[in-house]
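Subject: A structure for you to look at

Hello,

Here is the structure I promised to pass on. Please open it beside this email and follow along as you read.

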Amino acid sequence: MWFVSVTCPSCFEVFDVASPSLEELPCDMDYDCEICCRPLRIYIEESDGEAIGTAYGPGDSGPWG
Ligand SMILES: [Zn+2]
C-alpha cells in the first residue's frame, strides 16, 4: 500500500491518501478532504518509482485539463 501526501486546495492542510499500485498510475480520483471534508480531486502519477499526488478542486482543471 502506497500513501501520498496531498495539500487540500480548500484549507491547505496536508494529509495522506492511499494510492493505487504504481502499475495503475497515473490515475485521477474523487476524494473528500480529511480536514475540511470538502470534495476534491486527486491526480496521482508515478515519478522515479514513487507515487506523487496532486489535489485540486472539483471545478478546477487538473493536470489532464
Ligand atoms: Zn481541506
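This is a predicted model: local features need pLDDT of at least 70, side-chain atom pairs count only at pLDDT 80 or more; totals for chains, interfaces and linings use all residues.

Strand β3 covers residues 27-32 and strand β4 covers residues 39-47; they are antiparallel and joined by six bridges.

Now zoom out to the whole chain. How many helices and strands does the protein chain have? There are zero helices and five strands, so reading from the N terminus you will meet β-β-β-β-β. The radius of gyration is 11 Å, close to the 11 Å that the globule rule gives for 65 residues, so the chain is as compact as a globular protein of that length. Along the principal axes, the C-alpha atoms fill a box of roughly 30 × 25 × 15 Å. Of the 65 residues, 12% count as buried. If you look at contacts between residues at least 6 apart in sequence, 38% of them join residues at least 24 apart.

Next, the sheet. Strands β3, β4 and β5 form an open sheet in that order, with antiparallel pairing. Which strands are at the edges? They are β3 and β5 (50-56), each of which pairs on one side only. From one strand to the next, the twist averages 30 degrees.

Strand β1 (residues 2-7) runs antiparallel to strand β2 (residues 14-19), and six bridges join them. One of the pairings is Phe 3 with Ala 18 in β2. This hairpin also has six residues between its strands, and Phe 12 is the one to look for there, with a positive phi near 65 degrees. Phe 12 is not a glycine, and it is exposed because 9 other C-beta atoms lie within 10 Å, where 12 or fewer is the cut-off.

In the loop between β1 and β2 you will also find Cys 11. Is Cys 11 buried, exposed or partly exposed? With 15 other C-beta atoms within 10 Å, Cys 11 is partly exposed. Leaving out residues up to four places away in sequence, Cys 11 touches Cys 33, Ile 35 and Cys 36. Cys 11 and Cys 36 are 25 residues apart along the chain, yet their C-alpha atoms are separated by 6.6 Å.

Two more spots deserve a visit. In the loop between β2 and β3 you will come to Pro 26; the peptide bond from Leu 25 to Pro 26 is cis, with omega near 0 degrees. Then, in the loop between β4 and β5, look for Asp 48. Asp 48 has a positive phi of about 55 degrees although it is not a glycine, and it counts as exposed, with 5 C-beta neighbours inside 10 Å.

Enjoy exploring, and write back with any questions.

Best wishes

Technical notes. Residues are numbered from 1 along each chain as its sequence is written. Helices (H or I, at least four residues) and strands (E, at least two) are DSSP runs, numbered from the N terminus. The radius of gyration is taken over C-alpha atoms; the globule rule is 2.2 Å times the number of residues to the power 0.38. A residue is buried if 20 or more other C-beta atoms lie within 10 Å of its own, exposed if 12 or fewer, and partly exposed in between; C-beta atoms are placed from the backbone. Two residues are in contact if their C-beta atoms, placed from the backbone, lie within 7 Å. Two strands pair if DSSP finds at least two bridges between them. Axes are lines fitted to C-alpha atoms, for helices over the stretch in contact, and angles run from 0 to 180 degrees between N-to-C directions.
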